[in-house]
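Thank you all for making time this morning. I would like to walk you through one protein model, beginning with a pair of its elements and then stepping back to the whole chain.

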Amino acid sequence: MSKYKQIKVNVTEDVHEKLVQIAQKHNITLAELFRLSVHTEIENAPSPRKEKSKIIHKRTDPNLLYEVNKIGVNLNQIAKHLNSGEDDLKLQTLYRIYEEVMSL
């Protein structure tokens, strides 16, 4: 029984041509080129198992969450009012407020 195992790899003609040129340039065979390119020991080989990414949750200040929630509620109320199509005067006022906020 041979101590070597064979691995077959399919490549495009362009890639094959480039590999042959590299091998000829260094005066080695294609097999030697691959062995040199892959030169890794089993101990250094990457693990086939996917490592689970650890998600780190940092504690958020409850007061900050409360304030952000209030802003979200206000934005939803404004959007609801604007989408209702009522009262052009209120829409103009809201738009003016929006312009003032955006200019800050």
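Predicted model: local features only at pLDDT ≥ 70, side-chain atom pairs only at ≥ 80, totals over all residues.

Let me start with helix H1, residues 13-25, and helix H2, residues 30-38, which pack at an angle of about 90 degrees with their axes 9 Å apart. Helices here are DSSP runs of H or I with at least four residues, strands are runs of E with at least two, and both are numbered from the N terminus; the axes are lines fitted to C-alpha atoms, for helices over the stretch in contact, and the angles run from 0 to 180 degrees between N-to-C directions. H1 and H2 are therefore roughly perpendicular to each other, a label given to angles of 65 to 115 degrees, whereas under 35 counts as roughly parallel, over 145 as roughly antiparallel and the rest as oblique.

On the H1 side the contact is made by His-16, Leu-19, Val-20, Ile-22 and Ala-23, and on the H2 side by Leu-30, Leu-33 and Phe-34, where contact means heavy atoms within 4.5 Å. By class, this contact of H1 with H2 has 7 nonpolar residues, 1 polar residue and no charged ones; Ala, Val, Leu, Ile, Met, Phe, Trp, Tyr, Cys and Pro count as nonpolar, Asp, Glu, Lys and Arg as charged, and the others, Gly among them, as polar.

Residues are numbered from 1 along each chain as its sequence is written, and side-chain values use heavy atoms, with hydrogens and water left out.

Ile-22 and Leu-33 are 11 residues apart in sequence, and their C-alpha atoms are 8.2 Å apart in space.

In the loop between H1 and H2 we find Asn-27, whose phi is near 55 degrees, a positive value in a residue other than glycine. Asn-27 is exposed, with a relative accessible area of 70%.

Stepping back, the protein has 4 helices and 0 strands, and 4% of its 104 residues count as buried. The average pLDDT, the predictor's confidence in each residue from 0 to 100, is 79 for the protein.

Definitions and conventions: Buried < 20%, exposed > 50% of the residue type's maximum accessible area, 1.4 Å probe, protein only.
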